[in-house]
Amino acid sequence: MPARRSKPKPRAKKPRRVSDSLTVSVLQSTLESTADGILVVDDEGRIVSHNRRFEEMWRLSAQQIAASDSPALIAHVQDQLVNPDAFVAGIRQRYADPESDSFDILNFKDGRILERYSLPLRVDGHVVGRVWSFRDVTARRRAECVQEAVYRISHTAHMVDNLQELLGAIHEIVGELMPAKNFYVSLYDAEHDRLEFPYFVDEYDTARDIPPRKLRKGLTEYVLRTGRPLLATPEVYEDLVAAGEAELIGTPSIDWLGVPLKVKDRTIGVVVTQTYSQGVRYGESERDILTFVSSQMAMAIERKRVEDAWREQSELLQRIVDNIPVMLVFLDEQGRIQWGNREWTRTLGYDIAEARERDLFAELYPDPGEQRRLRDSIGAPVGQWTDFRTRTRHGTVLDTIWANAPLTGGGWLAIGMDVSERRRAEERYRSFIAQSSEGVSRLEVEPPVPLKLPEEEQVDRVYAGARIAECNDAMARMYGFKEARDLVGTRLADLHNVNDPTNREQIRSFIRAGYRVSNSETREHDRDGRPRVFLNNVVGFIEDGHLVRVWGTQRDVTDQRHLEEQFRQSQKMEAVGQLAGGIAHDFNNLLTAILGNTQLLLRELPPGDSKRGDVEEIRKASERAASLTRQLLAYSRRQMLQPVVLDLNVVVAEMDKLLRRLIGEHIALVTVLAPDLGRVKADPNQLEQVIVNLAVNARDAMPEGGKLTIETANVDLDEVFAQAHLGSVPGAYAMLAVTDTGSGMDATVRAHLFEPFFTTKEVGKGTGLGLATVYGIVKQSDGYISVYSEPGHGSSFKIYLPRIATPARAAAGPQKGGPARGTETVLVVEDEPAVLSLSRRALEAQGYVVLAASDAAAALRVVERHGGMIHLLLTDVVMPGLSGRELADQLAGQRPGIRVLYMSGYPGDAVVQHGTLPSGSAFLQKPFSPDGLARKVRDVLDA
């Protein structure tokens with residue numbers, strides 16, 4: 001029998017609890033293994049489950065997730081998102097429609113990108129909650145964005161108009177890939193070795209226009225130098241600074257990211273982005289992104305820079321063509337006009353369309369001969385200009401010049417200029433030259449002088465070959481000709497004194513200065529042989545290494561140089577006068593002591609004493625010396641004058657007998673006196689001295705006899721006379737002329753005539769002070785003296801004294817008898833010990849009480865100690881410390897009513913400058929005698 005098959009035993013069933021636990025474990029493992037972040041919530045939004053990936057994505061701890069309703073949790077989630085409001089709105093929409101599913105993109109502030117999926121959770125067909133799935137697509141999306149950014153940068157480079165717009169667009173594109181709020185591009189200028197910043201945006205350094213700067217040790221320069229990207233975190237920056245590789249430039253940032261911009265193996269600049277906030281940090285991802293797009297940025301920037309440079313150059317050329325004041329015209333190979341610039345249209349009045357439609361040459365040049373000449377000029381050598389008379393559309397005829405140049409593609413470029421105004425200006429210039437008061441000339445040098453010749457040979461050849469080819473009438477008149485044509489053709493050597501070293505040196509200076517010279521003087525002569533001095537400005541023209549032509553201007557300065565010589569002579573006389581005055585002043589102090597002591601000694605010696613003769617000789621010698629000092633003071637204009645209103649005719653008449661005895665019987669004296677002669681104000685004694693000195697000078701010039709004429713007249717000097725005679729002043733004068741028929745003087749003698757101690761007489765026959773004294777007295781009397789003399793024709797001295805309307809007064813006669821005595825107290829202040837001693841002795845001998853002091857300070861101390869009255873201050877004018885005038889001013893306040901008498905070898909500053917003392921002052925001129933001193937003191941006390 002077949003065996004019976006037994007039934008299989010049923011498998012034992014696991015308990016239900018164990019089965020569910022296994023399922024949950026598998027599901028949990030699956031949940032933790034997925035790359036997505038998973039969040040499961042119930043229908044009220046409470047968290048039921050989540051995986052670890054979810055915690056990592058949202059940077060949440062298990063404790064934070066456990067408090068699912070905590071406001072802190074919600075705030076933490078929202079703070080991470082770029083758009084938290086959209087995030088919350090999406091959640092609310094899902095809970096408002098539990099059956100719906102959704103998908104959206106979440107952008108995080110740190111640059112991460114998550115895809116968010118949401119599906120309803122169903123159990124037995126019922127929605128009991130919701131499953132949220134989050135997938136990190138940052139890398140994928142960034143790669144896509146970077147690729148898109150590279151494309152957009154390339155595309156933008158072709159679309160924008162300039163580099164600035166390109167860099168702004170690149171900033172926007174980079175900002176979509178990574179945080180780039182603070183962004184700039186720096187380009188290296190190799191020509192100037194500096195950095196330029198064509199684009200700069202920064203939240204702290206807000207200036208948009210950053211000036212170029214020389215290379216320093218900034219981070220930008222570090223990237224440029226190394227050619228490698230740099231992510232400078234605070235730690236990296238500190239290391240670079242410590243190594244001396246970098247220094248802070250601008251506002252310090254937290255993270256600084258710079259990438260070189262390279263075109264092939266050449267670094268053209270650096271692109272930089274930086275952050276100032278701890279919430280925004282850079283890492284390798286941002287560095288890689290910026291590095292990846294930098295190559296495309298560099299190519300786009302370089303392309304745009306080239307385009308900008310080309311466009312700027314094109315625009316510049318176009319602006320030049322449109323605005324250049326030159327007519328430009330394109331001609332085809334048949335000579336037809338194809339194009340013209342704005343200046344062509346503006347000048348001639350035609351547009352290009354008309355030029356292309358018909359032949360304009362017939363309208364521009366109606367004369368057939370002119371048309372032929374124009375067409376013949378097309379194809380002329382480059383740079384050759386041809387003159388034309390061109391008729392505009394409006395009928396105006398212009399002076400034009402044209403040249404042309406061949407074009408590479410065939411045809412010609414014609415270049416023209418309207419020179420009508422230039423031609424008119426040339427005519428005006430020639431008219432100006434013709435009417436100019438300065439001489440203008442053009443000299444042609446034939447044959448031309450080679451510049452390589454030795455200097456002296458060049459000078460000789462200039463003189464030999466230079467002729468006046470053109471000049472104006474003013475220059476011709478300088479040489480004594482009427483018109484320019486009379487001078488044209490004259491050789492330079494016929495005008496210059498070629499043997500004058502000054503003239504040859506002027507030509508040498510012209511050569512050494514590169515064949516030009518300014519304000520150079522030459523000594524020449526006119527057609528009559530009279531010497532002239534010219535001030536020249538000349539420029540030589542060089543062609544092929546030869547001097548071929550000289551243009552120049554010249555001014556006649558003969559009269560000016562003559563006046564300058566007169567002025568120098570006047571200055572020399574003034575300097576000598578100051579020296580003579582100083583000597584006379586010091587000598588007067590010595591003479592005062594000698595003469596005073598001599599007089600005192602004579603008083604003490606009885607009549608008949610054998611010593612009186614010797615003392616008398618000392619006195620006479622001292623008086624002769626005093627006379628010499630008076631002459632020196634007269635020359636230096638420092639003597640004390642006592643001017644009165646007088647009649648020159650009276651002075652001459654009263655001297656008639658004296659002069660006749662003085663000149664001798666062999667000389668005839670003739671006086672010609674004007675009956676209506678005006679009055680003058682002068683010192684009569686000094687005028688007598690002037691006449692005597694001139695008469696003696698005339699007598700010595702006529703040893704064999706002759707005639708001496710003294711003449712007076714009223715004379716009015718005008719501006720012309722004053723300009724020609726340095727030192728004279730226009731006005732009304734009384735003239736005194738002293739003329740002789742003697743031997744006369746040459747120019748050399750006349751140049752030194754009034755200098756002290758200058759004489760042409762034999763040794764011992766004259767002091768040389770006679771005419772110097774005359775000069776000084778006339779000048780101090782505000783007059784002017786001139787002399788005219790020629791050898792063999794005598795001399796004439798003319799003295800001009802200012803006329804006044806005041807009638808003449810009779811001069812006071814000299815005092816006679818001895819000085820009156822007195823008992824008053826006199827304070828004598830004198831820094832010269834001998835004069836101080838003499839003054840004290842002389843006054844004490846007349847009964848006065850004398851207080852003596854050697855300077856003003858000592859005098860003030862004497863006054864302070866003296867309790868009694870002081871009637872008179874007798875003081876020297878010039879002393880160490882306070883002057884006599886200053887001492888008198890101080891004592892006037894301390895001793896009201898004190899009288900003051902000044903004394904000096906010259907009468908102090910006021911006397912030196914004006915010839916008189918301040919009004920009301922008394923003055924005693926040194927040297928003086930004891931009697932003269934006593935008499936003057938008595939006069940002042942009794943006044």
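Let's start with helix α10, which covers residues 284-323: its 40 residues reach 55 Å from the first C-alpha to the last, close to the 58 Å expected at 1.5 Å a residue. Along the way, α10 bends by about 35 degrees at serine 294. Keep in mind, as you look around, that this is a predicted model.

## Strands that meet at β28

Next, find strand β28, at residues 795-804, which pairs in the antiparallel sense with β24 (residues 679-682) over two bridges. In that pairing, valine 680 has arginine 803 of β28 as its bridge partner.

Strand β26 (residues 731-740) also pairs with β28 in the antiparallel sense, over eight bridges; here leucine 736 stands opposite isoleucine 799. How many residues lie between β27 and β28 in their hairpin? There are five, and glycine 792 in the turn has a positive phi of about 85 degrees.

## A parallel sheet and its helices

Now look at an open sheet of five strands, paired in parallel in the order β30-β29-β31-β32-β33. Its edge strands, β30 (849-853) and β33 (922-925), each pair on one side only. From one strand to the next, the twist averages 20 degrees.

Helix α30 (residues 856-865) lies across β29 and β30, running at about 155 degrees to β29.

Definitions and conventions
Residues numbered from 1 in each chain as written. Predicted model: local features only at pLDDT ≥ 70, side-chain atom pairs only at ≥ 80, totals over all residues. Heavy atoms only, no water. Pairing = 2+ DSSP bridges. Helix = DSSP H or I, 4+ residues; strand = E, 2+ residues; numbered from the N terminus. Axes fitted to C-alpha atoms, helices over the stretch in contact; angles between N-to-C directions. Contact = heavy atoms within 4.5 Å. Expected span 1.5 Å × (residues − 1). Bend = angle between axes of the 7 residues up to and from the residue.
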